[in-house]
Amino acid sequence: WNASQYVVGGECIDTSKPFSVSAFFPVDGNGSLAAMEVTLSQVGRPCPLSVRVDRYAPLGRPGGLDEVAEALKGGMTPIVSYWGAGEDLQWMDGLGPRGEGPCTAEAPATCSDSVRFWGFAVS
C-alpha cells in the first residue's frame with residue numbers, strides 16, 4: 001500500500017473515518033495453516049487493501065507458519081492494540097527509506113482522541 005491509498009482522505013482507506021479489518025487464517029486440504037490474511041475495507045471506497053503471508057521464517061528459520069499454528073492451537077489469542085505516548089513508531093508507519101510512508105511525524109498522545117475499536121466477531 002502507498003500513502004495515497006491508506007491515509008487521511010486516502011483513495012482506498014480514509015484513515016480519518018471508520019474502516020473494517022478482517023483477519024483470516026485459512027487452512028490447506030490437510031487442515032494445516034496455509035497463510036495469514038488481513039483485509040482493510042471501508043464503505044464507499046472502491047479498493048479494499050489486502051495482504052497475505054504464506055511464507056514466514058522468523059529469524060531465518062523455516063516453518064514459521066507451523067509455529068503460529070501450534071500457538072493458535074495452544075490457545076494464543078490474536079489481539080489489537082495501539083501504542084501510546086513515548087513510543088516511536090516511525091519504523092512502522094514513518095516515511096521509510098523510499099520516503100513514501102504515510103507519517104512524517106508521530107502524535108501518539110492524541111490517539112485516544114480518534115482511535116476506537118468495536119464490532120469484534122470471531123467466526
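The protein chain has three helices and five strands. Helices are DSSP runs of H or I with at least four residues, strands are runs of E with at least two, and both are numbered from the N terminus. From the N terminus on, the order of elements is β-β-β-β-β-α-α-α. The model is predicted: local features need pLDDT of at least 70, side-chain atom pairs count only at pLDDT 80 or more, and totals for chains, interfaces and linings use all residues. Residues are numbered from 1 along each chain as its sequence is written, and side-chain values use heavy atoms, with hydrogens and water left out.

The chain has 123 residues, of which 17% count as buried. Buried means under 20% relative accessible area, exposed means over 50%, and partly exposed lies in between (1.4 Å probe, protein chains only). The accessible surface of the chain comes to about 9,100 Å². Carbon and sulfur atoms hold 56% of that surface. Areas were computed by the Shrake-Rupley method with a 1.4 Å probe; for residues, only the protein chains shown count as cover. A contact is a pair of heavy atoms within 4.5 Å. Among contacts in the chain with a separation of 6 or more, 34% join residues 24 or more positions apart.

Helix α1 spans residues 64–73. Its residues G64, L65, V68 and A69 are buried. They sit on the same side of α1, because they cover an arc of only 140° around the axis. The arc is that of the directions from the helix axis to the C-beta atoms. An α-helix has 3.6 residues a turn, so residues three or four places apart point the same way. The buried residues of α1 pack against β4 and β5. On the other side of α1, E70 and K73 are exposed. Just after the helix, G75 takes a positive phi of about 110°.

Q42 is buried, with a relative accessible area of 10%. Its side chain makes polar contacts with the backbone at two residues. A polar contact is a pair of N or O atoms within 3.5 Å; within protein, one must be able to donate a hydrogen and the other to accept it, and residues adjacent in sequence count only if both atoms are side-chain atoms. A polar atom of the Q42 side chain lies 2.7 Å from the backbone nitrogen of D14. The side chain of Q42 also reaches the backbone oxygen of P18, at 2.9 Å. Neighbours within four places in sequence aside, Q42 is in contact with C12, I13, D14, K17, P18 and F19.

D14 and K17 also form a salt bridge, with the closest N and O atoms 3.7 Å apart. A salt bridge is a side-chain nitrogen of Lys or Arg within 4 Å of a carboxyl oxygen of Asp or Glu. D14 is buried, at 4% relative accessibility. K17 is partly exposed, at 48%.

In total, seven salt bridges are counted. E37, R52, D54 and R55 are linked in a network of them. Within this group, the side chains of D54 and R52 meet at 3.5 Å, N to O. D54 is partly exposed, with a relative accessible area of 38%. R52 is also partly exposed, at 44%. A further salt bridge joins E67 and R61, at 3.2 Å from N to O. E67 has a relative accessible area of 38% and is partly exposed. R61 is partly exposed too, at 37%.

A polar atom of its side chain lies 3.0 Å from the backbone nitrogen of N2. Leaving aside neighbours within four places in sequence, Q5 is in contact with G10, E11, C12, I13 and L49.

On the surface, V80, F117 and F120 form a nonpolar patch. Together these residues have about 340 Å² of accessible area. Patches are made of residues with over 30% relative accessible area and no salt bridge; like charges are joined within 9 Å, and nonpolar side chains (Val, Leu, Ile, Met, Phe, Trp, Tyr) within 5 Å. F117 lies in the segment after α3 (111–114). F117 is partly exposed, with a relative accessible area of 42%.
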